[in-house]
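Open the model in your viewer and get ready to select residues by number.

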Amino acid sequence: MEKSLLQSTRMLPCAVLLLTAGSKEAKDAMTATAMFVAESLPLLTISLAKSSTCRELIEKSGECMLNVASTGQGDIAKKLGATHGRDTDKFQEFNIPTEKASKIKAPAIAGSYAHIECKIITSHQAGNYIVYLAEVVACKVDETKVPLVWHNNKYFSLEKEVA
Ligand SMILES: Cc1cc2nc3c(=O)[nH]c(=O)nc-3n(C[C@H](O)[C@H](O)[C@H](O)COP(=O)(O)O)c2cc1C
């Protein structure tokens with residue numbers, strides 16, 4: 001791909017999600033992003049590389065947890081985005097604390113700004129990615145924390161209201 005076109009994929013500021021999939025026995029976590037496409041029902045899309053280990057677990061379970069990263073989780077976001085679950089147990093390797101979800105088997109990551117529990121409705125192939133449409137079935141927010149934002153390969157804190 002042309003360098004300038006590849007650069008365009010880094011121009012949209014994104015929420016940083018620590019996506020978890022699987023169950024207590026076989027689980028994985030990766031850094032990802034998502035976009036809401038409907039409010040009622042709350043529906044969102046996530047797009048996962050075919051090579052992703054989390055994607056394989058989502059295919060088996062039909063669900064995933066979107067842990068909305070807080071500013072204290074920048075280091076975890078970098079690590080989860082640079083390693084593959086088939087090579088390493090990321091929860092053990094990076095000492096990631098987990099909690100039980102309320103409606104799905106995938107674990108929540110403690111210390112996140114929000115936990116969004118999702119069930120997959122359908123999927124669509126897009127190049128080397130699979131785009132999933134998912135329904136939000138539960139959500140929990142810790143308003144004492146501040147969300148983390150990604151833009152142009154850098155992480156920022158979402159802190160100051162401007163309008
Ligand atoms: C900020 C950020 C956002 C990312 N978003 C996605 C994404 O939406 N989809 C995807 O497939 N990979 C995304 N990645 C890359 C994956 O996190 C990375 O490939 C990871 O190693 C996959 O882990 P797994 O093989 O254990 O599933 C992102 C990485 C970063 C740092």
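Select Leu148 and Ser157. Leu148 stands opposite Ser157 in β12. This is a predicted model: local features need pLDDT of at least 70, side-chain atom pairs count only at pLDDT 80 or more, and totals for chains, interfaces and linings use all residues. Residues are numbered from 1 along each chain as its sequence is written.

Now show residues 148-151, which are strand β11. Four bridges join β11 to β12, and the two run antiparallel. Strands here are DSSP runs of E, at least two residues; helices are runs of H or I, at least four; both are numbered from the N terminus. Two strands pair if DSSP finds at least two bridges between them.

Widen the view to the open sheet. Its three strands come in the order β1-β11-β12, with antiparallel pairing. β1 (14-15) and β12 (154-157) are the edge strands, each pairing on one side only.

Next stop: the ligand. Which residues come nearest to the ligand? Of the 18 residues around it, they are Met30, Ser52, Cys54, Gly81 and Gly85. (Near means a C-beta atom, placed from the backbone, within 6 Å.) Colour β3 (27-32), β5 (43-49) and α2 (53-61): these elements each give two or more residues to the shell. β3 gives the most, with four.

Last, select Leu19. Leaving aside neighbours within four places in sequence, Leu19 is in contact (C-beta atoms, placed from the backbone, within 7 Å) with Ala29, Met30, Ala32, Cys54, Cys64 and Leu66.

Methods. Contact = placed C-beta atoms within 7 Å.
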